[in-house]
Amino acid sequence: MRTLPSSFFHSMFLKKHVFFYCLMQLMALCGLLWLCNQVVAFLHWHIPGSVLGLGILVLLLLTHVVPERAIQAGSSWLLGELLLFFIPPVVSILKYQVFIRDDGWMIAGTVVLGTLSALIVTAWVVDRVYTLEKGINDRRLARASHRENGKNSIGAQNHV
Amino acid sequence: MSDTLLACLSFAATIGFYYLTKWAYRRKKVFFLAPILLAPLAIIGFVLLVGIPLDDYFLYTHFLVMMLGPATIAFAVPIYQQRSIIKRYPLTLLIGVITGLMMGMLSSWALVHIFPMPPELANSMLSRSVSTPFAMQATVSFGGIPDLTAMLVLMTGIVGMVICEPVFRYIGIRTTLAKGIALGAASHGAGTAKAREIGSEEGVIASLTMIFAGIAMVIGAPLFALVI
């Protein structure tokens, strides 16, 4: 049997020091999640703790309380392996085989047509709004550069 | 074989198959090797073949699912990194996210009335257009089953990935923003991966749209559930 090339193991394991950082940052994220879950339960809010944590982390990053590199490695690992974390729920369709057997075609039809319509309408609407917003941005830029030019020309006249 | 041994085997197989398909797809970029398609199929096949009872399968693998919580928080980093794009196109992003979210929900809502199906399945459909961690949270408000939603989310992602390019060509979409936002809003993670293949700016915009649509879905779900 041909042995697997080293690139396979590279894709699985990170370098040692990166692994250590990732682990620490992962633990920090888990800690923040735990804290947010406590807050949400205590205040009886209807949003999940994870979404509250997301909001808090954005604020912490924007105010530079948490520097970006303090959380970057762990979060990009988590987001890169997102698929791995929801494979187990997908395996549990074995529990709901009856749905697949009885309504398989209905499910497929709904998913395909639903995704198709969402894709078409969103792309079409955004195409129109983008043209509008780009126009606004361009006009603002043009006005700013015009003002800038005006100032320069006055300065030039004074100089002369 | 004992339950613990089977549970360990399932855990190892899940991680093993996942990285194997990831590695294979990096070497050969063909659609049927894409981890989003092949990894779940391979693992389901393995569970059926070995005959692992589902309780044993979930004994340790449910720790993987728990990582979806911290992963949701981790979405803060791309939002922070891409804040300049949010500042440049706030209106387009806002309208794109709202349109995508509404279309994802309304199309499911209308289609489950055309294709009759059991209520718990129909309810699981409603949040399928946003990323899994958000969808599994939101589906509870609609009375759906999180596991079923996870599967439907995955199917949505695969469908979006396959149909996006012919659709864009057919309706004549050329702008970066329209492609990115439509992919992020209609087919979340897989759409974002596809958008990244189209272009790096498309990828960034798709991931932002996906995150905002997910947040809006989770926060709005209790409200939408009252209306629907």
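Guide: What follows is a short talk about a predicted model, starting with the interface between two chains.

Visitor: How many residues of chain B are in contact with chain A?
Guide: On the side of chain B there are 97 residues in contact, and they meet 77 residues of chain A.

Visitor: And what area is buried between them?
Guide: The area buried between chain B and chain A is about 7,900 Å², with carbon and sulfur atoms giving 82% of it. Within chain B, the residues that lose the most area to chain A are B:Tyr19, B:Ile73 and B:Tyr80, which together make up 10% of what that side buries.

Visitor: What about salt bridges, how many are there between chain B and chain A?
Guide: The count is 2 salt bridges, and one of the salt bridges joins the side chains of A:Glu81 and B:Lys22, at 3.0 Å from N to O. Polar contacts between chain B and chain A come to 10 residue pairs, counting those with both residues at pLDDT 80 or more.

Visitor: Which helix of chain B gives the most to that side?
Guide: That is helix α10 of chain B, residues 146-171, which contributes 15 residues to the side touching chain A. The residues of that side of chain B divide into 71 nonpolar, 18 polar and 8 charged.

Visitor: Changing topic, where does A:Gly55 lie?
Guide: A:Gly55 lies in helix α3 of chain A, which covers residues 49-62.

Technical notes: Residues numbered from 1 in each chain as written. Chains lettered and ligands numbered in written order. Predicted model: local features only at pLDDT ≥ 70, side-chain atom pairs only at ≥ 80, totals over all residues. Heavy atoms only, no water. Contact = heavy atoms within 4.5 Å. Buried area = accessible area lost by both parts, 1.4 Å probe. Salt bridge = Lys/Arg side-chain N within 4 Å of Asp/Glu carboxyl O. Polar contact = N/O pair within 3.5 Å; in protein donor to acceptor, adjacent residues only side chain to side chain. Helix = DSSP H or I, 4+ residues; strand = E, 2+ residues; numbered from the N terminus. Nonpolar A, V, L, I, M, F, W, Y, C, P; charged D, E, K, R; others polar.
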